Each structure stands twice: as C-alpha cells, then as structure tokens.
Amino acid sequence: MNVHGVPHRSLREAPDGGAILAVDQTRLPGEFLECRLGSIGDVADAITAMRVRGAPLIGIAAAYGLALALRDDPSDAGLDRATDLLGATRPTAVNLAWALDRVGEMVRPLPPPVRAEAAWRSAGAIAESEVAACLAIGRHGAELLRRLERPAGRALQILTHCNAGWLATVDWGTALAPIYRLHDAGVPVHVWVSETRPRNQGLLTAWELGAHGVPFTVIADNAAGHLLARRNVDAVLVGADRITRSGDVGNKIGTLLKALAAREFRVPFYVAAPLSTVDLSIRDGASIPIEERSPGEVVGTSTLPAINPGFDVTPASFVTAIITERGVAAATEAALAALRAGDSA
Ligand code: MRU
C-alpha cells in the first residue's frame, strides 16, 4: 500500500538476491526503515523480536529463512534443523508451520544442490499467493461492508484490533484490505483503532492507515465497549492467527472482549483471514497454542506478579462471518470445509 503516495511492501527480496528486506516494525510509528535479513539466524531473530510480525508475514519470512538456510546446508538433516528452528520462533499463528510445510514438501524430493534455489522460488510464490489472497479478501469484504446499514450521510464506522494490515501481510492486509478497497473506491470510511496493549500494534494500524490517507481514530482498548454500546460502530473487523476447522478464532489478546461486546450490542463481528490461517488439524479453540509472552511487556521492570498471554480465542458462535479469499463463510465446520473443498484441485 501507499506510504505518502509511494507504494510499499512490508517484505521483499533484496535486489542482489542475498537476503530479504523487511520493514522493521519495532521502529514504527517513529521510523519507517527496512532491515536486511541474510541468514536463517537473522530471520528467526527478526520473528522472535517482532521486527517482523503478523500471521501471514511470519509464514512468508520463515519460508525465505528456510531457503537461506538451505544455501549453507541443503541436506535432509539441514532441512529438518532449519524447519525446527524457524517453527519454534512463535507458536500461535499457524501460517508459520503452513509455509514451512509447503516449502519443505516441495524441496525434500529434490537433489540437495538445487534445493536452495527451489525453496527461494517457492517462498516468492507463497508471498505472491498471500498478497493475491489479501486482495481477494479486500474484494469480498468490501462487498459485505458496503451493504451494512448505517445512518444516511455518515461514514462507515469500523472497529479493528491489533494490526492486520499490509505490514502484517506483505501487502493489502486481511482486516484492513476491505477498508483500503472501500476508501480507494471513494466510499467514506472511518476506522476506530484499538491500541492493543501491551505491544501497541494498534499504532502500526494507525500509522499505515494514516500513510495511505484513511481516516482513523485511536482508542484505548477499554473504550471499545463504550463505542459499541453507543452505536458508534457499524462492524468489528479483525484478523486471525489460527482458525480451527469449526470456526473458533485465535487472535490477538483482547479480541474476545470485543466479540463479547459486539454480540451484546448486536454489532456484526467479522474475521478476515486467508485460508492459510485455517488449521484443519484442530476442531476446538481450546487446542490453539497461546503464546505466553514476557510479563515485562505488562509491568515493565517492576517485580509485580503478572502474566501476558499474547492471544485469546473467540468462539465460532460469536463470529458473524469469516472473510476469506474464496468468499465469505459462516464460522461453521461445514461452511469452512466447503471453502477448502477446492484445495487440491
Ligand atoms: O503482533 P503479533 O504478530 O503478535 O500479532 C499477530 C497479528 O498480527 C494479529 O493477531 C492479527 O490480528 C492477525 S495477523 C494479520
């Protein structure tokens, strides 16, 4: 998307082919700069330190990390070691394992000397297919949001949480893709951006919306219920890190409280995610691994007892619909299975 009129992506191949260049998200919103990641160690560190973050983006970065590792050691053992190292960087977003599996399955049957190059091309193909998925999510989501009832003459009011924009997905975003699409088509839209303590990913959302020219207002996480109760929100729209096959949604901590409030005040609660975020291997949201992050992110250097779960699970029954690249589905096992039916075709 645009940064003050100039199109950017949050991750790209370095022109010399020796690395990937990724926007350093820990420097935003203050500074917009890229970091060069030229080895598996660089990529793993960037994911762990959240310089590179967001479910689809960490999958794509990990795929490139695997390709970089295979340049040094293309053996079966090297492939296994690299997959384990990258797979252990963050636990909740299934896109990470999904992307590593795809690259691994593609290169393992190949002779070691050609694996690194094939993995690099595969990582590039994954990046392009995720961008295409986000574009399609934008199309389907915009159609859905356009039809929402709202007072005549008032801009569409969308509440979002965390950052599910182009920073988190290479381009377009998941939850933000429909918003960019509506804005670019001239539909008046305003976004309530929940700040998303403790890591403040909402400020990344605010930065990217502002840089593209989409009107927004940042709110404290605790203000969301108040806005929903006062009918200042036409829809809640969030991304996801892992959706179970029955439609339970793992997403950034604080999502569940928004879903609860939205349900109480009868405001639609939509989840936008590519099918790479749907984990068919688990049915129940209770099986989604929840990242436990450092208590220091909550209480700083004090020794106060604290816990810091990074994600929560919104039950499928709270989700009005899931917006994917193949269309909008109810959050049910049957509807998600129908969307996945074309997978092997
Ligand atoms: O900042 P992270 O990597 O911990 O958060 C992941 C996310 O970006 C969100 O949960 C988001 O809503 C889904 S990813 C587009």
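Colleague: A nonpolar core is a set of buried Ala, Val, Leu, Ile, Met, Phe, Trp, Tyr and Cys residues joined through side-chain atoms within 4.5 Å. Which residues of the largest nonpolar core touch the most other members?

Modeller: This is a predicted model. The largest nonpolar core has 79 residues, and Val52, Leu145, Ile179, Leu237 and Tyr270 touch the most other members. Domain 1 (2-130) and domain 2 (135-340) both contribute residues, so this core lies between them.

Colleague: What does Leu145 touch?

Modeller: Setting aside residues up to four places away in sequence, Leu145 touches Leu156, Ile158, Pro178, Leu182, Ala235, Leu237 and Tyr270. Leu237 and Tyr270 are also on the list of residues that touch the most other core members.

Colleague: What other core is there?

Modeller: Another core, of 30 residues, lies apart from the largest one; Trp192, Val236, Ile322 and Ala329 are among its members.

Colleague: Back to the domains. How far apart are their centres?

Modeller: The centres of domain 1 and domain 2, taken over C-alpha atoms, are separated by 24 Å. Domain 1 puts 29 residues into the contact, and domain 2 puts in 31 residues.

Colleague: Now the rings. How many aromatic pairs does the structure hold?

Modeller: There are four aromatic pairs. One of them joins Phe32 and Trp207, with ring centres 5.1 Å apart and planes at 40°.

Colleague: Why is that pair called tilted?

Modeller: Planes under 30 degrees apart count as stacked and those over 60 as edge-to-face, so a pair in between is tilted. The angle for Phe32 and Trp207 is 40°.

Colleague: Where do Phe32 and Trp207 sit in the chain?

Modeller: Phe32 is in the loop between strand 4 (20-23) and strand 5 (34-37), and Trp207 is in helix 7 (residues 201-212). Phe32 is partly exposed at 31% relative accessibility, while Trp207 is buried at 15%. Ring pairs also bring in Trp166, which forms a cluster with Phe32 and Trp207.

Colleague: And the pair of Tyr64 and Trp120, what is its geometry?

Modeller: Tyr64 and Trp120 are edge-to-face, at 4.8 Å centre to centre with 70° between the planes. Tyr64 belongs to helix 2 (residues 55-72) and Trp120 to helix 5 (residues 112-146), 56 residues apart.

Colleague: Are those two buried or exposed?

Modeller: Tyr64 is buried, at 4% relative accessibility. Trp120 is buried too, at 7%. The charged end of Arg71 sits over the ring of Trp120, 4.5 Å from its centre.

Colleague: Which lysine lies over a ring face?

Modeller: Lys252 lies over the face of Phe311, 3.9 Å from the ring centre.

Colleague: Last one, Val238. Where is it, and what is it in contact with?

Modeller: Val238 is in strand 9 (residues 235-238) and is buried at 0% relative accessibility. Leaving out neighbours within four places in sequence, its contacts are Thr160, His161, Ala175, Asn251, Thr255, Phe269, Tyr270, Val271 and Ala272.

Colleague: How far is Val238 from Leu260?

Modeller: Val238 and Leu260 are 14 Å apart in space, C-alpha to C-alpha, and 22 residues apart in sequence.

Key:
Residues are numbered from 1 along each chain as its sequence is written. This is a predicted model: local features need pLDDT of at least 70, side-chain atom pairs count only at pLDDT 80 or more; totals for chains, interfaces and linings use all residues. Side-chain values use heavy atoms; hydrogens and water are left out. Rings of Phe, Tyr and Trp (its six-membered ring) pair if their centres lie within 6.5 Å; planes under 30 degrees apart count as stacked, over 60 as edge-to-face and the rest as tilted. Helices (H or I, at least four residues) and strands (E, at least two) are DSSP runs, numbered from the N terminus. Buried means under 20% relative accessible area, exposed over 50%, partly exposed in between (1.4 Å probe, protein chains only). A charge sits over a ring if NZ of Lys or CZ of Arg is within 6 Å of the ring centre and within 35 degrees of the ring normal. Contact means heavy atoms within 4.5 Å. Domain bounds come from an automatic or database domain assignment.
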